[in-house]
Amino acid sequence: MEQILRNIGILCVVVGLFVFTIIPFLGTYQLEQKTVLEVVKPEHYEVIDLLFEPYYGKIYTNNVKFISTLEDAVKGYNNEQRKLENWDKVIYDDYVFTLAKSSVEGSVKNNPIIFLLSSVGLTAFGGLIYMIAGFFEPKRNGSQEGVFHSSMKNRGWLGILTGSYLIVFYIVLYWFPAYLVNLTEMVNPISLILSGQFAGQWFLYGFLYTLVILVMGIRMLINYRDNAYQKLRTLSVMFFQLSFAFLIPEFLMLFNMPWHDFKNIWPLDYTFFYAYRLDGMLSAGSLGLFMLFWGVILIVLGVPVMTYFYGKRWYCSWVCGCGGLAETAGDPYRHLSDKSLKAWKIERYMIYGVLVFAIVMTGLTLVNYLFEFGILNDSTQMLHSWYGFFIGAAFAGVVGTGFYPFMGNRVWCRFGCPLAAYLGIIQRFKSRFRITTNGGQCISCGNCSTYCEMGIDVRWYAQRGQNIVRASCVGCGVCASVCPRGVLKLENGEEEGRMSDLPIIIGNDSIKIQH
Amino acid sequence: MSSSIKKNDRVVVIGNGIAGITFARNLRKSNSEVSITIISGESQYFFSRPALMYLYMGQMKFENTKPYEDWFWAKNNFQLIHAWVENIDLESKKVICSNGHQENYDFLIVATGSTPRKLRVEGIDLIGVQGFYGLADLDLMEKSTKSISHAVVVGGGLVGIELVEMLLTRKIKVTYLIREAYYFGNVLPEAEAKLLTQLIQSHGVDARLSIEIERLEGDVSGHVVGVHTTNGAFIQCDWVGIAVGVQPNISFLKNSRLETNVGVLVNKYFESNHVNVYAIGDCAEFKEALEIPRGNIEQTWYTGRMHGETLAFSLAKEKTAYSPGVWFNSAKFFTTEYLTYGHVPVMVQEPLRDFYWESSEKDKAFRIVYEGESGRVLGVHSLGWRIKHQFFDRAISEQWTFEKVMRQLHKADFDPEFYKSISKEVVKNYSNGSVLKNKSVKSLRTIFKNWF
């Protein structure tokens, strides 16, 4: 029975992904002068009109040809201006996505729902069918059997293929979104209902992201159906992604408010203090002021207070969107994290490095903003583009998610997230959270370390009978769940005795050893 | 404090299991200069033996079973020799390896662990019949179960059920022969043993109770094709796992003059009959039996660790006798964890009394045994409920009464957050009014305290 369900599921996923992958290449593109007039800023209109004139009315059946033609035209013009040192004439605005979106015609645009159902819908359906098979299998209670025999989960060809696909998708999404206009056409109807606007690449991304968390969240709920902690935690990330990160921001747009994710916190939300965000909030009435106030409260009060009582898990594995994806879609890859001491050393340099970068950048940005760009001029602009490229897109996106099948599901959270760094400092030095160990029961089997997505060598502590207090622990609770001897427990408790360096391995009355 | 190991002494440990490694590490901690050599034929580096089953099940890989990274050994100045020891020359203080290597010692620690106990039945040496203890057994099993469809496992103990579980993950049909009336019936009271037997059966295992193996049958190529049981049945199969316990792995000592019985005979200081030669862990046999249920030979992971740390302390600091505290142990049967503290006998008879609780779904159980007269608690165990070691170690060693333990039972809860509190269930089922009254006041405060 379960094998039949699994096979049907796999078939649906494969077909759905195939349709999803070919959609960008369907349809035709035809650029019209009036589109250019609508899309392009008045100051650029004359130039662009001249550049694109030869292509007006032509029908392109190949999106690569169409997009590269437009891009080459602009690029050629820009190069010429640069050569002449006419810096102010260079066009930095990227019109290609919007132009492509307005120029595309064809079956996807005409039948978005059919394509949505047969690509994303079919994949999600297949995934659900596959997971429901888990119900017919014996209860798992922490078991992770078969993980290292799986091509998908243990860096086999399926894993490599999945990772490569994700990486390509992220690169196209961030830097070549014009190729995805057909996919955005497909989700237009949903975007129109939610925000009253046509879907852009970020709506497409948000939609897919939320769907993945929901579907893979159901997988978590099935696989960990004996574990109340895992179930609640998963429901929590599903809820926060669906409402706070997806629906509410879209509804805000419907009411002409700035897009805002109320659970995102600076410095993860690194644009929070950027001029356009501040201006947006300040000009959005009392709700806008609340956004600003709430965002600052979260930074100065929310993070320290909540982390003091519950550890950083309250955010990282219960609320956060990156954490939400890591804990659902990333769960099959948690064992791929590097547990070596060397990785821990690299981790500390990197994550606190990013935190410092974010703080310096934000500080300068605020100074610049308060002095109305009188002192630093456009220099913060450059910092923003560097941070956006290397940290925001390349690290958090391409590496953060695309590397799931290669380096585990928390690469970004562990090595890069500045908010995780901030939460971690509080967790390490002032919190009631810890993982306690059960006396002398540890058998050093290493299941806990193997399945720690943050690469913490949990066993190192457990076999010494020592509480685990680490800045990076996101409190996912899987170490406690895979432990076959009931040794580990996530707890909030008295601060006293939390970080005992005098572990007790009880049971030996001959001596009392301090490890 | 006087240490018997001097700066320039050469300490050689045979065996890199938990006992030998714990000894070596603890010795190194108190003495950074002494030369420590660890010899093992099984593996270059220390790994966790209880994790071997997870390798077969694809839940871990060998790398994950090593508690310390490979650089750890050189950094802490341990010399590791990957070779089998053939003999010991006690006169000239030399360890002789099968590859010709010889190692001189001033102190010798024998920590060679166990080997599967062999059944003396016809056909036991057929191909496809094996025990399960070390890396070699795992490799053999990996190869010999590649294309089989039906396996027989013999032995209703902890390794037996591991084998059953392992085989099931490869979709191999398993017939399980258990000598006792129920699984683990030589350790657990009938109710718990019954519960576990049902659990095993619920996983599709053909468990045959009160049955032993009589002989094995092979084909012309010497490969096992089936087993004959004591009730006259013949079970066709292409693989047989024998898990009827382990015995000290000391056959390499048979030509030495070290005094042995089942294991290397030692006193409570782990001293053998030969000066500066010690034995620890599974291979050591105490001349004087330890308190029930420990006996003369201790074969658990943590006792190996305790032997190691005690001997290291004894040699590096001051001579100390081994004195284990309250007995404890744990295991996991499929999805059900088992934790035990103190002694719970198979049959609870006067003057002992007990209280037993079982969940209605029959997946959780708890038993507490006490002296009827004094009420003093002697032991507890649980199935499917994580209970705290610290709590029961204290309760039993401080001789708490049954009433006192039950009143504070919520402090023993070690299940993850948001789990239904088993201690409440247990106490609810125990119908002593005074216990309940005291508890409710306590729990209100606990709820408040645990709120954050």
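Visitor: What percentage of the 515 residues of chain A count as buried?

Guide: In this predicted model, 57% of the 515 residues of chain A count as buried. The secondary structure of chain A comprises 24 helices and five strands.

Visitor: How do you know whether the radius of gyration of chain A agrees with that of a compact globule?

Guide: A compact globule of 515 residues would have a radius of gyration near 24 Å, and chain A has 25 Å, so the two agree. Along the principal axes, the C-alpha atoms of chain A fill a box of roughly 90 × 65 × 45 Å.

Visitor: Why is the pair of Tyr183(B) and Phe333(B) called edge-to-face?

Guide: Ring centres must lie within 6.5 Å to pair, and planes over 60 degrees apart count as edge-to-face. By this rule, 64 aromatic pairs are counted over all chains. The centres of Tyr183(B) and Phe333(B) are 5.6 Å apart and their planes stand at 80°, so this pair is edge-to-face. The two residues belong to distant parts of the chain, 150 residues apart: Tyr183(B) is in the loop between strand S11 (173–177) and helix H6 (190–202) of chain B, and Phe333(B) is in strand S21 (residues 328–333) of chain B.

Visitor: What makes Tyr183(B) and Phe333(B) buried?

Guide: Buried means under 20% relative accessible area. Tyr183(B) has 0% and is therefore buried; Phe333(B) also has 0% and is therefore buried.

Visitor: Why is the pair of Phe391(B) and Phe392(B) called edge-to-face?

Guide: With ring centres 4.9 Å apart and planes at 90°, the pair of Phe391(B) and Phe392(B) is edge-to-face, because over 60 degrees is the requirement for that class. Phe391(B) and Phe392(B) are both buried. In chain A, one aromatic cluster includes Phe20(A), Trp175(A), Trp202(A) and Trp386(A).

Visitor: What makes Arg470(A) a charge over the ring of Trp344(A)?

Guide: The distance criterion is within 6 Å of the ring centre, together with a position within 35 degrees of the ring normal. Arg470(A) lies over the face of Trp344(A), at 3.5 Å from the ring centre. In chain B, the charged end of Arg170(B) sits over the ring of Tyr56(B), 3.8 Å from its centre.

Visitor: Why is the contact of Glu327(A) with Arg233(A) called a salt bridge?

Guide: The requirement is a side-chain nitrogen of Lys or Arg within 4 Å of a carboxyl oxygen of Asp or Glu. The closest N and O atoms of Glu327(A) and Arg233(A) are 3.2 Å apart, and the pair forms a salt bridge. This pair links distant parts of the chain, with Glu327(A) in helix H16 (residues 321–328) and Arg233(A) in helix H12 (residues 228–254) of chain A, 94 residues apart. At a relative accessible area of 1%, Glu327(A) is buried, and Arg233(A), at 1%, is buried. Over all chains, 38 salt bridges are found.

Visitor: Why does Ile132(A) count as partly exposed?

Guide: At 36% relative accessibility, Ile132(A) lies between the 20% and 50% limits and therefore counts as partly exposed. Ile132(A) is in helix H7 (residues 112–132) of chain A. Together with Met1(A), Phe135(A) and Phe136(A), Ile132(A) forms a nonpolar patch on the surface, with about 430 Å² of accessible area.

Visitor: What is the phi of Phe270(B), and how do you know whether Phe270(B) is buried or exposed?

Guide: Most residues other than glycine have a negative phi. Phe270(B) has a positive phi of about 65° although it is not a glycine. Phe270(B) lies in the loop between strand S18 (264–266) and strand S19 (277–279) of chain B. With a relative accessible area of 1%, Phe270(B) is buried, because the limit is under 20%.

Note on methods:
Residues are numbered from 1 along each chain as its sequence is written. Chains are lettered from A and ligands numbered from 1 in the order in which they are written. This is a predicted model: local features need pLDDT of at least 70, side-chain atom pairs count only at pLDDT 80 or more; totals for chains, interfaces and linings use all residues. Side-chain values use heavy atoms; hydrogens and water are left out. Rings of Phe, Tyr and Trp (its six-membered ring) pair if their centres lie within 6.5 Å; planes under 30 degrees apart count as stacked, over 60 as edge-to-face and the rest as tilted. Helices (H or I, at least four residues) and strands (E, at least two) are DSSP runs, numbered from the N terminus. Buried means under 20% relative accessible area, exposed over 50%, partly exposed in between (1.4 Å probe, protein chains only). Patches are made of residues with over 30% relative accessible area and no salt bridge: like charges are joined within 9 Å, nonpolar side chains (Val, Leu, Ile, Met, Phe, Trp, Tyr) within 5 Å. Accessible areas come from the Shrake-Rupley method with a 1.4 Å probe; for residues, only the protein chains shown count as cover. The radius of gyration is taken over C-alpha atoms; the globule rule is 2.2 Å times the number of residues to the power 0.38.
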